[in-house]
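Dear colleague,

Please find the structure below, handed over for your own work. My findings follow it.

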Amino acid sequence: MVFRLLQAAFPVFISIDVARQILEEDAHEKQRMFLDSMREEIEGMDALIDRILRLSRLDLNESEPMPLCFVEILNDSLRRHADSFHAKNIHLVTNLPPNLPGVGVTEDIACLIENLLSNALKFTEAGGNAKLSLHSQKI
């Protein structure tokens, strides 16, 4: 089932990328916004499929916590969402330490961050501000 979903989504990703490249120079702003919106929806579907796959790995006990760097995971997600924040004219302020090591499942932490950034995009008005900070706290 999941494999069929992946097979269906892959050609759509490629079609959107090709259309975006073709229209890049001659596209009207409305066409670009439509393509960006489609891209965001497809990325959401991809994230959902990824979560389903992760849940299946949890059932099989395949995911084990490992050392990781939270800042690296955050920066990767921020790079992926930068165009979307720019397109919606949302000013994203970040307060990140240079390095923050931890232990966890990288894919799960990345999924959490992706959800937070998606929610920031979804619920922040165009032209608004969003802040993302990361710090450690001893318990």
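**Second largest pocket**

In this predicted model, the second largest pocket is lined by Phe70, Leu74, Ile109, Leu112, Ile113, Leu116, Leu132, Ser133 and Leu134. Its volume is about 160 Å³. Two or more lining residues come from each of α3, α4 and β4 (129-133), and α4 contributes the most, with 4 residues. Sorted by class, the lining comprises 8 nonpolar residues and 1 polar residue, with no charged ones.

**Packing of α3 and α4**

Helix α3 spans residues 70-87 and helix α4 residues 106-123; they pack at an angle of about 35 degrees, and their axes are 10 Å apart. The crossing of these two helices is right-handed. On the α3 side, the contact is made by Phe70, Ile73, Leu74, Ser77, Leu78, Arg80, His81, Ser84 and Phe85. On the α4 side, Thr106, Ile109, Ala110, Ile113, Glu114, Leu117, Ser118, Ala120 and Leu121 take part. By class, this contact has 11 nonpolar, 5 polar and 2 charged residues. Phe70, Leu74, Ile109 and Ile113 belong to this contact and are also among the residues lining the pocket described above.

Ala126 is located in the loop between α4 and β4. Its relative accessibility is 60%, and because exposed means over 50%, Ala126 counts as exposed. Apart from its neighbours within four places in sequence, Ala126 is in contact with Lys88 and Asn89. Ala126 and His91 are separated by 35 residues in sequence, and their C-alpha atoms are 9.3 Å apart in space.

With kind regards

Definitions and conventions: Residues numbered from 1 in each chain as written. Predicted model: local features only at pLDDT ≥ 70, side-chain atom pairs only at ≥ 80, totals over all residues. Heavy atoms only, no water. Axes fitted to C-alpha atoms, helices over the stretch in contact; angles between N-to-C directions. Left-handed = near helix turned anticlockwise from the far one by under 90°. Contact = heavy atoms within 4.5 Å. Nonpolar A, V, L, I, M, F, W, Y, C, P; charged D, E, K, R; others polar. 1 Å grid on protein atoms, 1.4 Å probe; cavity = no way out; pocket = protein on both sides within 12 Å on 5 of 7 lines; lining within 4 Å. Points joined across faces, edges and corners; volume = space filled by probe spheres on them. Buried < 20%, exposed > 50% of the residue type's maximum accessible area, 1.4 Å probe, protein only.
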